[in-house]
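Okay, everyone, thanks for coming. Let me put the model up, and then we'll walk through a couple of spots together.

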Amino acid sequence: MKRILIAIVAMGLVLGMSGAALADGAVFGTAVPLTGPYAAMAEDMKKGSLMALEEINAAGGVMGKPAKVIVRDSMLKGDVALRHFKDMAGQGVKFIGGNLSGGISLVANEYACKNHLLYIAYCHTSLPLGKEFCGWGFTAAVIPYQTTAALANFAFNKLGKKWVSITADYRWGHDILGGWLVNSKKYGGEFLGNIYHPLGTRDFSTYIPKILALKPDFIVLSNYGTDQTSAIKQFAELGLTKKLPVVISKTHIVTIKETGKAYNENVYGSVTFYWGLQDKYPEAKKFVQKFWKKYGQPPSADGEAAYVATKSLFTAMNKTKTTTDVKKVIKELVTMKLHTPKGINRFRACDHVREQSVLVVQGKGAKAKGWDVATVVAEVPYTETLQSCENNKKDIPYGAVKLPGK
Amino acid sequence: MDFLNRHKGLKVIGGALVAMAVLPHVISVPLATEIIIYVLFAMGFNILLGHTGLISFGHAAYFGLGSYFAGFALRYFDASVWMSLLWAAAIGGLVAAAIGALAIRKKGVYFAMISLAFGQMFYFMALSPLKKWTGGEDGLKFIPKLKMNYPFYLDLSDHISIYYFVFFVVALSLIAMWRILDSPFGRQLRAIRENEDRIQACGYNVTMAKFYSLVFSGIFSALAGGLMTVNLGYVPVTSLYWTMSGTVVMMTILGGMHSFIGPAVGAAVFLFLQDSVMKIIDRWEIFVGVMFMVLILLFREGIVGTLQQRFGARTSQEAAEG
Amino acid sequence: MFGIPVEVLIMQVIFGLALGAIYVLLASGLSIIFGLLDVINFAHGTFYMLGAYAAFMATSLSGSFWVGVAASVVIVMLIGAMTEYFLLKPLYGEWPFYPLLLTFGFAVAVPDLMKALFGLIGKVVEYPEGLVGAFIWGGVLVPKYRLFIIIFTAVVMIALFLFLKRSDLGMIIRAATRDSLMVNVLGVNTSRIWTTGFALGVGLAALGGALHAPMVSAIPDMGVEMTVESFVVVVIGGLGSVGGAILGGLIIGQVVSFVSLFAGEYSQVAIFFAMAVILMVRPRGLFGEAGRL
């Protein structure tokens with residue numbers, strides 16, 4: 001027994017040494033779910049972040065020393081993500097980021113608030129809202145309700161007024177449904193009904209009779225990942241996507257690929273970045289070409305957000321000449337211009353949201369080829385989607401909506 | 001394999017406690033904290049698996065419910081840390097008793113599947129219908145910064161203090177567990193594992209013994225869950241998901257289920273390896289899965305069991321000579 | 001909010017049947033494996049996933065969905081036979097849970113292996129030409145592909161029953177399910193029967209995966225939930241009974257379908273409640289044999 005103990009302790013000693021002192025120079029510690037159902041999207045975040053790092057280091061690093069990005073696997077579990085962040089914080093890391101789950105993002109934000117770390121979310125997150133916001137968290141993507149504002153503008157003007165919604169029954173789904181209800185009122189829409197489904201639903205056909213009975217002009221689909229794929233494929237199976245438009249509150253290039261032909265011209269979705277933007281912005285072209293060459297695939301919205309977050313953070317450190325003073329870096333981040341693939345953006349000083357547009361994309365169905373799977377049909381500027389700071393602080397009007405059945 | 005030789009057993013526990021006491025000075029503190037929580041979970045689980053011979057694929061239910069009830073106590077009732085742990089343990093025992101009443105009479109495989117199904121039921125309940133209290137997919141958040149007020153003040157957001165707080169609870173639990181398993185009741189459990197029909201024929205109430213074994217196992221597992229809440233200041237809904245049960249099974253088998261301390265070694269090695277491998281490759285699950293299959297095919301007694309087989313024989317020989 | 005006309009109820013039954021058909025395929029395979037080998041196959045959902053991937057590969061190579069489905073079953077049966085031969089065989093006669101644990105390890109490693117081999121992004125299997133869309137019969141919408149799945153599964157199940165009842169091999173399988181030692185004594189190579197039975201069982205899972213693939217796409221993690229849900233189905237039906245698996249699958253299909261209609265958010269939790277209720281009323285499952293467990 002003693003021998004075993006000695007062996008264990010010795011092994012630990014050897015391996016323990018190697019992990020020490022992460023925080024030497026500029027370090028950005030991130031955790032994304034590299035395993036599990038969102039692995040493809042997480043991988044993209046990792047790539048975006050590492051590409052930004054490479055650019056920073058090629059330009060001389062941070063204060064003359066190479067910067068470092070740590071990427072850990074959160075396994076899509078809050079406890080694992082939190083352990084990684086604690087681990088990094090224990091070794092002196094002051095800047096953390098990542099995520100794909102809105103829930104875990106809020107947990108990471110809460111941890112950053114309690115321990116005075118800077119946290120940047122790459123994903124859609126409610127961290128700028130109400131009591132979630134504490135001044136230490138940043139949003140490199142958007143607040144969930146912003147996508148509904150962008151889509152509603154498009155849908156109620158182009159597709160009709162009567163809508164039915166299918167919503168995944170969790171926090172993000174509820175936020176999105178609230179967003180649609182507010183915007184429906186704004187654009188004179190007529191809400192016919194909503195169906196909640198649990199996360200991880202594979203069969204949506206059982207909801208279809210109910211929807212058809214209501215005769216809507218379009219369906220709003222608010223779920224993500226494989227749930228979204230299954231839903232669209234099954235709508236297509238019934239020939240539904242041929243006549244009835246489907247508006248997806250938040251979509252992803254990976255999901256469009258996984259859905260295939262069924263994601264046709266009658267299916268609309270929102271993203272914060274699509275590689276097709278390269279025809280519009282020269283910065284996007286440079287970014288997309290470089291990314292594609294390096295990794296053999298175009299960047300997704302997640303890849304872009306991670307890229308912008310990483311690059312902005314290190315740039316701010318360079319400008320303030322500190323790799324440890326979190327408050328100084330925060331101050332710099334909210335004053336500086338962010339040179340992003342979508343042109344000049346800023347982090348809004350009052351709630352640290354990235355002021356960026358939301359895109360409405362349309363599927364290509366059978367005409368899709370390789371990565372050319374969607375068309376950008378609208379780019380809605382942030383001024384149309386983002387609420388004022390006061391509203392965000394009170395979480396109105398979206399947070400005040402009474403949801404059906406809740 | 002008589003691992004419950006009292007003299008040797010106490011040495012083993014002492015050794016384990018010493019190893020745990022130095023652990024945070026060897027590896028990262030948050031990882032060490034998680035390891036000793038899983039040590040308690042795996043050893044609690046092993047009361048059922050290794051000592052009684054019943055396999056459950058639903059132990060995430062006890063761990064997760066323990067986490068949630070500790071979280072409820074802390075968040076909604078302003079309970080003290082000690083009180084929340086008590087709550088966790090109590091709910092673990094109650095739920096285990098309820099599931100035991102329904103399922104303990106079932107033979108092995110049935111029991112494994114039923115426990116799994118019950119576990120998933122709790123997960124889906126927490127995920128959707130009960131999310132007003134559980135926070136649904138977000139998990140239970142906004143638990144205030146934790147501190148211990150009794151017997152002395154301790155700020156539990158400090159990594160080292162939370163480690164030693166958890167260590168203290170785990171150490172007490174392991175000693176309690178030892179007392180339980182070193183009793184006639186414990187021996188009866190192992191006899192059931194070896195030959196259930198015979199024990200039945202000898203006039204023992206096998207069902208009741210199994211039932212109590214499940215209840216004890218539930219209590220310790222839920223206590224581990226409660227500790228996890230205190231450690232994280234948050235309850236992730238994945239703590240109820242069945243892969244959590246799968247993980248604890250893997251840890252226990254890895255360390256060796258036929259040894260008292262085996263699951264502890266298994267938990268430590270599993271988490272440490274997982275953490276190290278995932279830093280190197282993204283596709284670490286292949287590694288873990290294959291390692292587990294190799295273990296089952298070639299080293300069924302796990303790390304401790306295999307080492308005992310290799311070295312144990314020699315030591316007893318030496319002892320006989322000396 | 002929703003008035004429920006009769007047509008909707010009929011549609012709900014049909015959708016429930018189609019959903020149940022997938023469960024029937026998976027659960028009957030699980031039941032055959034358990035009956036014969038006493039192994040709970042934790043990798044059943046993994047083989048279902050492999051079925052979907054094999055269907056994707058064969059479909060994209062041959063251009064025909066039907067070749068894809070057939071090839072998928074054959075490929076996965078071969079993988080299953082090899083798995084049984086190399087990984088499970090050494091474990092028979094040991095503690096009965098070792099085979100179960102081995103399949104658990106398999107279920108951890110293989111989906112990740114698929115990610116490494118085929119990339120992280122799932123693969124699309126398109127609906128076969130001619131089965132897209134729906135008939136409308138007096139206000140009732142009947143999707144063609146679902147109808148096909150129901151009929152096809154019924155045919156497969158009848159064929160399975162005929163195979164088990166009438167053919168020599170089927171007879172031996174049934175006999176070995178009862179008492180494999182006796183069958184061995186009578187001069188039959190039971191070892192080969194086990195391999196065949198395992199291959200047959202995972203072949204049914206693969207068929208489920210291949211048929212499901214157009215509806216959900218082939219995604220590495222698709223099998224995780226499926227394993228647990230097929231467990232529920234066989235527990236309801238009675239372990240080791242193919243008839244029970246069929247009935248259990250149909251029940252669960254209807255439960256999910258109707259709970260979706262009335263309270264969508266409870267559709268997943270409902271199957272576990274259904275299981276708890278049935279177990280309380282009839283502890284050994286609907287078709288379970290009293291002596292066996």
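In chain A, the C-alpha centres of domain 1 and domain 2 lie 27 Å apart. Domain 1 of chain A covers 25-142 + 283-345, and domain 2 of chain A covers 145-271 + 358-400; bounds like these come from an automatic or database domain assignment. The contact takes 16 residues from domain 1 of chain A and 17 residues from domain 2 of chain A, where contact means that C-beta atoms, placed from the backbone, lie within 7 Å.

Quick housekeeping: this is a predicted model, where local features need pLDDT of at least 70, side-chain atom pairs count only at pLDDT 80 or more, and totals for chains, interfaces and linings use all residues. Residues are numbered from 1 along each chain as its sequence is written, with chains lettered from A and ligands numbered from 1 in the order in which they are written.

Now hop over to chain B. The axes of helix α3 (residues 60-76) and helix α4 (residues 81-103) of chain B come within 8 Å and cross at roughly 140°. Axes here are lines fitted to C-alpha atoms, for helices over the stretch in contact, and angles run from 0 to 180 degrees between N-to-C directions. Helices are DSSP runs (H or I, at least four residues), numbered from the N terminus.

So α3(B) and α4(B) are oblique to each other; under 35 degrees would be roughly parallel, over 145 roughly antiparallel, 65 to 115 roughly perpendicular, and the rest is oblique.

Who's touching whom? In α3(B), Leu65(B) and Phe69(B) are among the residues that meet α4(B), whose side includes Trp87(B) and Ile91(B).

Notes:
Helices (H or I, at least four residues) and strands (E, at least two) are DSSP runs, numbered from the N terminus. Two residues are in contact if their C-beta atoms, placed from the backbone, lie within 7 Å.
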